[in-house]
Amino acid sequence: MTETAQRTALVELADVSKHYGSVRALEGVSLEVHAGQITCVLGDNGAGKSTLIKTIAGLHRHDGGTLSIEGEETRLSSPREALDRGIATVYQDLAVVPLMPVWRNFFLGSEPRKGVGPFKRLDIGLMRRTTREALLRMGIDLRDVDQPIGTLSGGERQCVAIARAVHFGAKVLVLDEPTAALGVKQSGVVLKYVAAARDEGLGVVLITHNPHHAYLVGDRFVLLRRGTMVGNYTRDEITLDELTQQMAGGSDLDALRHELQRS
Amino acid sequence: MSAATERTADERILRTSPLRKLLSRPELGSVVGALAVFAVFALAADGFLRAASLSTILYASSTIGIMAVPVALLMIGGEFDLSAGVLVTSSALVSSMFSYQMTANTWVGVGVSLLVTLAIGAFNGFVLTRTRLPSFIVTLGTFLMLTGMNLGFTKLIDGTVSTKTVADMEGFPSAHDVFASTLTFGGVDFKVTVLWWLGLVAVASWILLRTRAGNWIFAVGGNQDAARAVGVPVTKTKIGLYMGVAFGAWISGQHLLFSFDAVQSGEGVGNELIYIIAAVIGGCLITGGYGSAVGSAVGALLFGMTSKGIVFAEWNPDWFKFFLGAMLLLATLLNAWVRKRAEATK
């Protein structure tokens, strides 16, 4: 039983494609997300990473191939549906509402209420307490859950968003370039929480263009270039150097090195 | 109570001084402004502090305040409604003309007016969310269309620019009581609109701070894409906000009708800006996501005090607009500063 549960991927994409009119944004991409594992999607700008995310997050439907959630083939029609199926997506820049307090952000869209009829109201005490506890469980110790989330650093905001997905019982966490705008130290902090989410048993999709960050935590690596998949490896099939090489476009990098060489 | 213990539980927060807490309230600027204006007129105008004057000021404030509350909520939700001013007139016209032409009880007209006004509000929200055009354009369109329809239909049906009086119609006295009567508390007369106003402020504050809908309003105004991504029904929230403005317009419109018996169809143009100004002075960010209902009420009160105070002080009323502009600028500057502080360590 556990064996089959292990083998059935939480999310599986097989040969998925997406077209915007005559533009081919994604073609023949396959990937698997397993519980307690991190699947990294690597690619340069314009490689199709955002399109891939939007497909998994339910923001748009794929045109070809299959998307299976826990072995069941499906087409997601809205972000809400993806959330209900256990897929939580944390976007790089639009994860939070900056002027709202941390605890209001934490429960946004899933607010607990008490009371009946027209007097149904937010359970504010519970919301504050739970926010604090859920953050602590992920190892995030905030001074004050009442401060506007905009006063937190970029890394802290990502962490709150991750803690929130974990708290609301997400099975799959999709992270869109969580380290892109961060310094080295903050990137490390965020990756620590990504690992913490994995240890909680979530399947994680980590989208990034940084092979070093990916290799620190990743179990599987999917490489995209210009909308097509150019590689799909498990950790023991590839080294960091090979990954970096592949990611940079292999021979392209050699050509660039040659061009930039000082004479 | 539990919140208080939680907050002191962390040793890194030494003690939030009451002053600091006060500084982070959105209403701060307007309250300071209101106190200053009150002090100026209390000294400059002899009759300003008399009970009768205060009741005049409250009445003037309430007629603006009833609309400033839903307009503030809409602004927190990140949108404008330029049709709010003429919608009041439309609402009064529908009510008056329906009762008169159908020779029905005035309450029937009041009910029909509610439905029509809410439908116009819903139309604003629907067009906005469907087309994704800026609300400035969408409601500018409805503003112009309503202005034309108000005049056009009134001339078509009544032959002049004002409606026939409904004062002798069935149901008028009770409708007058509800929307336009004068109440006496401790020897001082108050218009019933003051009660409507305070009621709206209380309900709007409850919605904003204590309900799920309030959370959604702040969220769609603060970061619409983030809100949508976590499952907030953005479209429903926005349409609801426009219907809220319509509801305010309905109350104001019925007041207009039942206090003057007849409606001038050209009225209301320009008032939409006054509502927006009251909301902004009251601490609403023009870009959305921040503000309060109480603030809009203080903004409306400032408005009422200035417009009547200038009369009591026997100054040239031309100065009113100058004061208004200066207050608006100051309030907006203060808001910008608050927002910067809130997003300081990005």
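**Exercise 1.** Which residues in helix 9 of chain B meet helix 10 of chain B, and which residues in helix 10 of chain B do they meet?

*Solution.* The model is a predicted one.
- Step 1: from helix 9 of chain B come Ile207(B), Leu208(B), Leu209(B) and Arg210(B).
- Step 2: their partners in helix 10 of chain B are Ala213(B), Gly214(B) and Ile217(B).
- Step 3: sorted by class, this contact has five nonpolar, one polar and one charged residues.

**Exercise 2.** Find how helix 9 and helix 10 of chain B are oriented to each other.

*Solution.*
- Step 1: the axes of helix 9 (residues 192–210) and helix 10 (residues 212–222) of chain B come within 5 Å.
- Step 2: these axes cross at roughly 75 degrees.
- Step 3: angles of 65 to 115 degrees count as roughly perpendicular, so helix 9 and helix 10 of chain B are roughly perpendicular to each other.

**Exercise 3.** Decide whether helix 2 of chain A is enclosed by the rest of the structure.

*Solution.*
- Step 1: helix 2 of chain A covers residues 49–57.
- Step 2: its buried residues are Lys49(A), Thr51(A), Leu52(A), Ile53(A), Lys54(A), Thr55(A), Ile56(A) and Ala57(A).
- Step 3: eight of the nine residues are buried, so helix 2 of chain A is largely enclosed.
- Step 4: after helix 2 of chain A comes Gly58(A), with a positive phi near 85 degrees.

**Exercise 4.** Compare the radius of gyration of chain A with that of a compact globule.

*Solution.*
- Step 1: for 263 residues, a compact globule would have a radius of gyration near 18 Å.
- Step 2: chain A has 20 Å, which agrees.
- Step 3: the C-alpha trace of chain A spans about 70 × 45 × 40 Å along its principal axes.

Notes:
Residues numbered from 1 in each chain as written. Chains lettered and ligands numbered in written order. Predicted model: local features only at pLDDT ≥ 70, side-chain atom pairs only at ≥ 80, totals over all residues. Axes fitted to C-alpha atoms, helices over the stretch in contact; angles between N-to-C directions. Helix = DSSP H or I, 4+ residues; strand = E, 2+ residues; numbered from the N terminus. Parallel < 35°, antiparallel > 145°, perpendicular 65-115°, else oblique. Contact = placed C-beta atoms within 7 Å. Nonpolar A, V, L, I, M, F, W, Y, C, P; charged D, E, K, R; others polar. Buried ≥ 20, exposed ≤ 12 C-beta atoms within 10 Å, placed from the backbone. Rg over C-alpha atoms; globule rule 2.2 N^0.38 Å.
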